[in-house]
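Here is a friendly briefing for anyone about to look at this model from a modelling point of view. Take a look at the structure first, then go through the notes topic by topic.

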Amino acid sequence: MTFAKNSKIATRDYDIIIVGGGSAGAVMASRLSENRNQCVLLIEAGASYTKSTFPPQIALGRRVGGDASTTWAHTQEIGSSKASGGLRAKILGGGSAINAAAFVRAPRSDFDRWAAAGLRDWAYEQVLPYFKKSEKADYGNDEWHGRRGPIPVHLRRKDELSKTAQAFIDAALQAGFLSNDDLNKPFPKGIGIYPLNVQDDPGNPALDRNDREIRVNTAIAYLTDDVRQRENLDILADTEVDKVLFNGHHVRGVQLADGRELTARQVVLSAGAIGSGAILLRSGVGPKEHLAAHSIHLVADLPVGQALMDQPNVYLQVFIEGDGAILPALGGKLWEQSSLAAADQLDIYLGFNHFANLAQSPTGKAFGIIACACRPRSRGKLELESADPRALPRVSLNLLSVESDIQILIEAVAMMRRIAAHEPLRSQAVSIHFSDGSEVPTDLKSLREAIVKQVDSTLHVTSSAPMGPLGDPLAVLDEQGRVYGLSGLRVADASIFPDVPSVATNPTVIMAAEYIADRIKQAGPSAA
Ligand SMILES: Cc1cc2nc3c(=O)[nH]c(=O)nc-3n(C[C@H](O)[C@H](O)[C@H](O)COP(=O)(O)OP(=O)(O)OC[C@H]3O[C@@H](n4cnc5c(N)ncnc54)[C@H](O)[C@@H]3O)c2cc1C
């Protein structure tokens, strides 16, 4: 096959189409186009920028959450008009282009659990090389860290953090929590500093480092100018995919939201947990009754959207009297065990940040803590509103629908109180409040009620199309991301995890994309 870079995309004969150019999709496009005999198309609904053209309001590491031009409209809850499902990126680089740049991978216990449930190829020893392959870390032990991967990972020194962030770490140590020098170790219990996928951009040395540091998203790290020059890689931005097209049970391409069809021998969905789930459903891959209700032709009766997960958190604002500096935005993370955690599990984290609403504090000073039940049991659902690709799907996260998740959050709040009661925080911590400004109650009954009211998504939505062994009632994919019963269709993004990893999801999604790209390369271009 010959490749003509300037030929019309619609007339090219693709080996692989990747849908969605986010944390996973950009990795996929880069790795799969390393094979120059394979013609690859990456389709992204949002805009495409390069390292030199990313707008500063998106590229700056301390700016989190993107803007209206780089995010999707909010999805609504199933059966209600309430917003649900959290913020979603719509830009090349996806979530990695708008996130908080905390680069902490899933601990060993997550992979042990998945391997024990039948995903033997996802044991920790099997995935560790792909974590290492993705990163170029400037700290830690070579046993756990890569030095030559595309994503630069930087660990700040403690004295580079804000004074309040340092006080949080010191108070946690005073309260008896362990010191942790590397949150990316296999069992990273204790208080450590967040490693970040940021890079100093020394273009303007007059600026403070916090105003120079850029978040190195996957579009920058993996889709470099050299990669984009490849004759066998096309990137189609600002283009939404409606559904996957089949000949019987074999993939033949995709249909765009404007009705155009593009052909390929294989399709990889990397449109994120909500995006990929919705595309599968519109394509006829999902629960039979749900598809019938929307008059969608059934291709495969699979439990798409039935195992959705996120981590419940309450955002705590600690109003203080101390130092008012609010940069760098992130500080330390305490990763801990509730009384319900198994011996190898970490089911609570407290993430220090400077995203608090200072106007609510009587002193004008505050810091924020994401108090997160990071190993939850509650599962939600993803459904279609209609078969129309322009209609957003419906999402119910069902956070705290399992009682133990409430208990874990109660213990997380208690941990924060314990830390605030120790120096150097004790003498400057005035009071602890939720994000709406209300004070966190001290009696258990009121605290429980308040947590149920205040709980929010941690923006780590996963598991809309989980991997699992054949016969697992929730499984949609085999352990190489292939959709059961079909040929030529894989999913590679946050959708595929059997349950939510006990951590922020970006590095684990990137690892999973590296892992599945390698499986596709090993299988060869004709295999599906
Ligand atoms: C505000 C925010 C802060 C976060 N902070 C952190 C953090 O600090 N650390 C961390 O580890 N994780 C963080 N996360 C989570 C992490 O970024 C995500 O889990 C991760 O980016 C998900 O990767 P993905 O590839 O599954 O999906 P995404 O990165 O969301 O990529 C999906 C892409 O597919 C595109 N797409 C969707 N539907 C279609 C369609 N129909 N046609 C074409 N394209 C489509 C989207 O536009 C998007 O670009 C954060 C998330 C958010 C939103």
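Predicted model: local features only at pLDDT ≥ 70, side-chain atom pairs only at ≥ 80, totals over all residues.

The charged end of Arg519 sits over the ring of Tyr515, 4.0 Å from the ring centre; a charge counts as over a ring if NZ of Lys or CZ of Arg is within 6 Å of the ring centre and within 35 degrees of the ring normal. Residues are numbered from 1 along each chain as its sequence is written, and side-chain values use heavy atoms, with hydrogens and water left out.

**Aromatic pairs**

- Rings of Phe, Tyr and Trp (its six-membered ring) pair if their centres lie within 6.5 Å, with planes under 30 degrees apart counted as stacked, over 60 as edge-to-face and the rest as tilted. By this rule the count comes to 10 aromatic pairs.
- Trp122 and Tyr515 form a tilted pair, 4.2 Å centre to centre with 35 degrees between the planes. Because Trp122 lies in the loop between α4 (108–116) and α5 (124–134) and Tyr515 in helix α13 (residues 506–523), the pair ties together parts that are 393 residues apart in sequence. Helices (H or I, at least four residues) and strands (E, at least two) are DSSP runs, numbered from the N terminus.
- Buried means under 20% relative accessible area, exposed over 50% and partly exposed in between (1.4 Å probe, protein chains only).
- Ring pairs also link Phe111, Trp114, Tyr124, Phe131 and Phe497 into a cluster.

- Tyr124, Val127, Leu128, Tyr130, Phe131 and Ser134 are buried in α5. An α-helix has 3.6 residues a turn, so residues three or four places apart point the same way.
- What do the buried residues of α5 pack against? Their partners are α4, β3 (135–137), β4 (151–155) and α13, where contact means heavy atoms within 4.5 Å.
- In α9, 10 of the 11 residues are buried, so this helix is largely enclosed by the rest of the structure. Among its buried residues are Ile274, Ser276, Leu280 and Arg282.
- Gly284 follows α9 and has a positive phi, near 95 degrees.

**Around the ligand**

- The ligand is surrounded by 36 residues, and the closest are Ser23, Glu44, Gly95, Thr505 and Asn506; a residue is near a molecule if one of its heavy atoms lies within 4 Å of it.
- A polar side-chain atom of Glu44 lies 2.7 Å from an oxygen atom of the ligand. Backbone N or O atoms come in too: one of Ile91 is 3.1 Å from a ligand oxygen atom, and one of Ala100 is 3.2 Å from a ligand nitrogen atom.
- Taken alone the ligand exposes 1000 Å², and the protein buries 93% of that; accessible areas come from the Shrake-Rupley method with a 1.4 Å probe.
- Which elements give two or more residues to the shell around the ligand? They are α1 (23–32), α3 (95–98), α9 (272–282) and α13.

**Buried loop residues**

- Val503 is in the loop between β23 (489–491) and α13, and is buried with a relative accessible area of 0%. Leaving aside neighbours within four places in sequence, its contacts include Val104, Trp335, Tyr349 and His460.
- Thr70 lies in the loop between α2 (56–59) and α3, and counts as buried at 3% relative accessibility. Not counting residues up to four places away in sequence, Thr70 touches Ile58, Arg88, Ala89, Lys90, Ile91 and Ile98.

**Backbone geometry to check**

- A cis peptide bond joins Leu327 and Pro328, with omega about -5 degrees. Another joins Glu423 and Pro424, with omega about 5 degrees.
- Ser295 has a positive phi near 55 degrees and is exposed, with a relative accessible area of 69%.
- Leu400 also has a positive phi, about 65 degrees, although it is not a glycine; Leu400 is buried, with a relative accessible area of 10%.

Technical notes: Polar contact = N/O pair within 3.5 Å; in protein donor to acceptor, adjacent residues only side chain to side chain.
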